[in-house]
Amino acid sequence: MYVKQLSVFLENREGRLEEALKVLKDNGINIISLSLSDASDFGLLRLIVSDPDEARRVLKESRFSSQVSDIIAIRISHTVGSLFEVLRAITEAGINIEYMYTLSVGVEGASLALKTSDLARTDELIGGMSVHMYTQEELG
Amino acid sequence: MIWNEAKECMPREEIEELQSARLKKLVDRVYHNVEYYRRKMQEVGLEPMDIQGIQDIEKLPFTTNEDLNKAYPLGLLAVPRSEIIRIHATSGTTGKPKIGAYTRRDIDIWAEGVARCMTMAGVTRDDTVLVSYGYGLFTGGLGAHYGAEKIGAMVIPVSTGNTAKLIGMLIDFQATVIACTPSYLLHIAETLEKENKIDQIKLKCCICGAEPWTDEMRAQIEKRLHIKAYDIYGLTEMMGPGVANDCDAHAGLHIWEDHFLPEIVDPATGKHLAPGETGELVITTLTKEGLPLVRYRTHDLTSLSYEKCSCGRTMARIQRFKGRTDDMLIIKGVNVFPTQVEAALLTIDGTTPHYLMVVDRVDNQDTLEIQIEVEERFFSDEIRSLEKLADKVRSVLKTAIGLNARVKLVEPDTLEHSQGKTKHVVDKRKLYD
């Protein structure tokens with residue numbers, strides 16, 4: 001099960017993050033979770049939002065480069081080794097983790113967003129484990 | 001000191017007589033040996049006998065970059081190919097490179113030109129000359145090398161790229177003369193200062209060229225290295241460095257008029273301008289055998305002064321360059337046209353991205369930054385892919401123009417676009433004062 005993630009290209013320049021978030025706010029888009037990665041000259045904003053396609057449209061209107069892509073969002077229990085189990089299964093299948101970040105959703109357990117080199121296979125693998133996979137509706 | 005007093009100090013009348021005689025011969029030679037020139041002359045109804053001397057030069061058609069492109073690589077050759085003993089070329093890879101094709105005599109005359117220039121700067125057979133222009137297709141290295149050897153100096157062909165090694169040779173061999181670009185020499189000065197080695201060098205002068213430089217840079221070089229700085233001018237199309245050089249009077253660059261006939265024309269109309277007026281420098285090679293050029297438009301803006309110089313030379317002086325008539329940039333001594341950059345970027349995915357070249361001079365070294373707008377087609381949710389894009393841009397530019405550029409990814413629409421015409425170059429350097 002996949003969840004839609006919105007990524008936005010940000011130049012490392014004062015006020016750009018604020019500007020992007022303003023576009024979302026002005027268009028009534030709720031941010032469910034957010035992660036910011038930075039390279040030397042630019043940043044990448046990854047978001048789970050209430051309406052990713054609409055968010056992309058309004059960002060595009062404001063001349064931001066953005067993209068909607070699939071990721072897998074999971075919830076694991078707060079027990080020792082639970083993340084390790086998931087990662088081991090993925091690694092043993094020869095799949096690379098492209099990136100991963102925590103999601104600020106849910107009250108119990110820990111929630112994570114995952115992008116791997118083979119999302120379909122990852123989906124299958126995790127589906128066979130006792131790990132909760134979020135649907136878009138659950139997050140939205 | 002004067003290398004060839006008989007020529008360099010010729011009275012004006014004799015210079016003009018010699019030029020007229022050589023021009024007649026040249027026109028005859030290209031008319032009969034080079035189809036391209038013959039057709040160009042026939043198109044305007046010219047026969048060799050119409051040119052009786054330099055007073056008739058305006059009748060001859062110009063030779064332009066476009067002509068060189070069309071005739072690439074050896075379409076303008078005026079001798080059998082077997083007479084050519086060496087080729088040089090400019091860096092242009094997307095546009096056609098400009099070619100130097102030399103007969104043995106051409107190489108001798110080139111060395112003579114450089115020897116005159118270096119002697120003007122005080123170089124003698126007792127000197128040790130460190131050449132830090134690039135050796136290879138670029139004319140700088142071998143040009144300076146042959147000239148210094150002709151004088152009989154000891155030449156150290158360090159070439160470019162390794163400042164630490166260069167400084168080692170400078171000190172170990174107690175070099176007295178250095179030939180390199182002025183910006184690189186300032187970089188060397190800085191390194192010597194940082195390493196507290198200024199006292200260990202024995203330089204007396206430098207022969208700098210291949211890029212425009214200001215009086216301020218000259219003053220800095222002279223002060224920081226305690227040397228005298230001289231400006232050398234040349235173009236690959238003409239032969240390379242050694243076409244002109246400035247003397248101790250620093251009142252312009254003496255051009256070797258017995259081999260190169262200079263004119264100043266209005267860049268728009270092509271008509272002659274009066275001595276002292278600023279226009280485009282046009283040069284005719286009077287003695288070149290391999291690839292003679294008739295009224296070649298250099299795109300360099302300057303004026304000429306014909307007064308006898310306090311150094312004793314009578315050869316005309318090219319005054320300070322005021323800029324270019326085209327959009328060519330000289331970055332780290334490399335000629336770069338924005339169109340080359342554009343063509344290179346086109347290879348990334350078939351459409352030219354919005355881009356801006358930012359040229360600057362940081363710590364006396366030229367820098368080139370290419371800003372690329374990250375349009376959606378380039379965008380990815382993975383940082384790795386974006387960095388790959390930047391690497392790709394770097395590598396296609398390196399291949400196309402031979403320079404390492406810093407690549408900066410910027411957001412869409414952040415670069416200036418106006419009415420479909422985008423500004424592609426920002427040059428922050430102050431090259432012409």
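**A helix pair in chain B**

At what angle do the axes of helix α7 (residues 163-172) and helix α8 (residues 182-194) of chain B cross? In this predicted model, the two axes cross at roughly 75° and come within 11 Å. Because angles of 65 to 115 degrees count as roughly perpendicular, α7(B) is roughly perpendicular to α8(B).

The contact is made by B:Thr163, B:Leu166 and B:Ile167 on the side of α7(B). On the side of α8(B), B:His187, B:Ile188, B:Thr191 and B:Leu192 take part. Sorted by type, the residues of this contact are four nonpolar, three polar and no charged.

**Nonpolar cores**

The largest nonpolar core has 94 residues. The members that touch the most other members are B:Met118, B:Val129, B:Val131, B:Val177, B:Leu185, B:Cys206 and B:Ile207. Helix α5 (residues 104-120) of chain B gives the most to this core, namely eight residues.

Which residues does B:Met118 contact, leaving aside its neighbours within four places in sequence? They are B:Val123, B:Gly147, B:Ala148, B:Ile151 and B:Ile207. B:Ile207 is also listed with B:Met118 among the core members that touch the most others. In soluble globular proteins, nonpolar side chains tend to be buried together.

**Where chain A meets chain B**

Between the two chains, 17 residues of chain A are in contact with 17 residues of chain B. On the side of chain A, four strands each supply at least two residues: β1 (3-11), β3 (42-49), β4 (66-76) and β5 (97-103). The largest share comes from β1(A), with four residues. By type, the side of chain A that touches chain B divides into six nonpolar, six polar and five charged residues.

**Two domains in chain A**

The domain assignment divides chain A into domain 1 (3-68) and domain 2 (71-139). Their C-alpha centres lie 23 Å apart. Across the boundary, eight residues of domain 1 are in contact with ten residues of domain 2.

Which elements give two or more residues to the side of domain 1 that touches domain 2? They are β1, β2 (31-38) and β3 of chain A. The residues on this side of domain 1 are three nonpolar, three polar and two charged. Strands β1 and β3 of chain A also supply residues to the side of chain A that touches chain B.

**Backbone details in chain B**

A cis peptide bond joins B:Tyr72 and B:Pro73, with omega about -5°. B:Pro73 lies in the loop between α4 (65-70) and β1 (84-89) of chain B.

B:Gln174 and B:Ala210 have positive phi values although neither is a glycine. For B:Gln174, phi is near 50°, and for B:Ala210 it is about 75°. B:Gln174 lies in the loop between α7 and β5 (177-180) of chain B. B:Ala210 is placed in the loop between β6 (205-209) and α9 (215-225) of chain B.

Are these two residues buried or exposed? B:Gln174 has 12 other C-beta atoms within 10 Å, and because 12 or fewer counts as exposed, B:Gln174 is exposed. B:Ala210 has 28 C-beta neighbours inside 10 Å; the cut-off for a buried residue is 20 or more, so B:Ala210 counts as buried.

Conventions: Residues numbered from 1 in each chain as written. Chains lettered and ligands numbered in written order. Predicted model: local features only at pLDDT ≥ 70, side-chain atom pairs only at ≥ 80, totals over all residues. Core = buried A, V, L, I, M, F, W, Y, C linked by C-beta atoms within 7 Å. Contact = placed C-beta atoms within 7 Å. Axes fitted to C-alpha atoms, helices over the stretch in contact; angles between N-to-C directions. Parallel < 35°, antiparallel > 145°, perpendicular 65-115°, else oblique. Nonpolar A, V, L, I, M, F, W, Y, C, P; charged D, E, K, R; others polar. Domains from an automatic or database assignment.
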